[in-house]
Amino acid sequence: MNKNFNFKRPTDFSAVSGSAGEELAKMLGVTAAETSAETKPPQIEMLNLDFLDHHPLQHCYSMDEEELEWLTENIREHGVMEPIHVLKKENGRYTILAGHRRSEASRRAGLLQIPAIVEQLDEDAAIIMFDSTNLGQRRSLKPSERAAAYLRIEKASANKHLDQHKTSAVIAQVTGDNIRTIQRYKRLNNLIPEFLRLVDDGSISFICGVELSFLSGHEQEDLLTLLEMHHKTTVSEARARMLKEESQKGELRLKSMEAILFPKKPAPEQSVKIPIGKLEHCIPPGLDKKELLDYIINALEVYFENRQNDKVEKNEEKVE
């Protein structure tokens, strides 16, 4: 099984082109002088695993048991190949920024210490590093987990007054997601919890969830009620796009939702075969098929109209 669960922080920021490299340095709290090619590798320390605490936001990420088992066996055989990244706390303990799985797997493997890089970062830079490394290393994250992480990175970088477009470009390099994908993930934060769960469990697709995120909270609740009434838990991407378009025009109501999702099928046309031989005495000779059809339809319409007139006259007589 070829898996890479480790994160290696780039210490040579010149490898990242232009202003994006400067933004990466700002996000991680590195000064311009430290970004030169002559920068020495960061100091690696051996820390006791008992001195490590999970990051307060670690509960936002689920751990895949299969990956942990694989990583535990790998560490038991080869040791920890890459250091974790931590922040030192005032009480002498450390908060893990990157390497929660490596730390847990090391404990399971029976290790007492783990190699670590002690970072000097402010709170916002720490969040950026924590979330970006989780996003970059964990490909099995739920869409809701990725969406929340990208939103936290956006808020943290805004607190540091970083250029949002440049920040997204840098995070795209770290995570492997392109900027458009990152924007779509952030849109999922506009979904009500019920629809976000449907995206997570695959009942509706990621793109469908993005389209539905453009509906207001009230519209989403109406949509959920409508789906429950019809015992449905899914919406196609095409239908979701139509709902989004109607919402943006301000014309999305419960009835229009139902018309989009559950359109009424037109009744099939009925046909009947008429033995022309029985009608020859009623039909002028020499008519082709189209003329014959028009003649019969007109005759029926006249007959129907006369019947209606007869009913009206009879009703009038009863009234008198």
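Helix α5 (residues 143-159) packs against helix α7 (residues 179-187) at an angle of about 105 degrees, and their axes lie 8 Å apart. That angle makes α5 roughly perpendicular to α7, a label for angles from 65 to 115 degrees. The axes here are lines fitted to C-alpha atoms over the stretch in contact, with angles running from 0 to 180 degrees between N-to-C directions. Helices (H or I, at least four residues) and strands (E, at least two) are DSSP runs, numbered from the N terminus.

This is a predicted model, in which local features need pLDDT of at least 70 and side-chain atom pairs count only at pLDDT 80 or more, while totals for chains, interfaces and linings use all residues. Residues are numbered from 1 along each chain as its sequence is written, and side-chain values use heavy atoms, leaving out hydrogens and water.

Now look at where the two helices touch. Pro143, Arg146, Ala147, Tyr150, Leu151 and Glu154 of α5 meet Ile182, Tyr185 and Lys186 of α7, where contact means heavy atoms within 4.5 Å.

Next, find Ile75 in helix α2 (residues 65-78). Ile75 counts as buried because its relative accessibility is 4%; buried means under 20% relative accessible area, with a 1.4 Å probe and protein chains only. Leaving aside residues up to four places away in sequence, Ile75 touches Val80, Arg102, Ala105, Ser106, Ala109 and Leu111. Ala105 is 30 residues from Ile75 along the chain, yet their C-alpha atoms are separated by 7.2 Å.

Finally, turn to strand β5 (residues 113-119): 5 of its 7 residues are buried, so β5 is largely enclosed by the rest of the structure.

Terms used: Angles under 35 degrees count as roughly parallel, over 145 as roughly antiparallel, 65 to 115 as roughly perpendicular and the rest as oblique. Buried means under 20% relative accessible area, exposed over 50%, partly exposed in between (1.4 Å probe, protein chains only).
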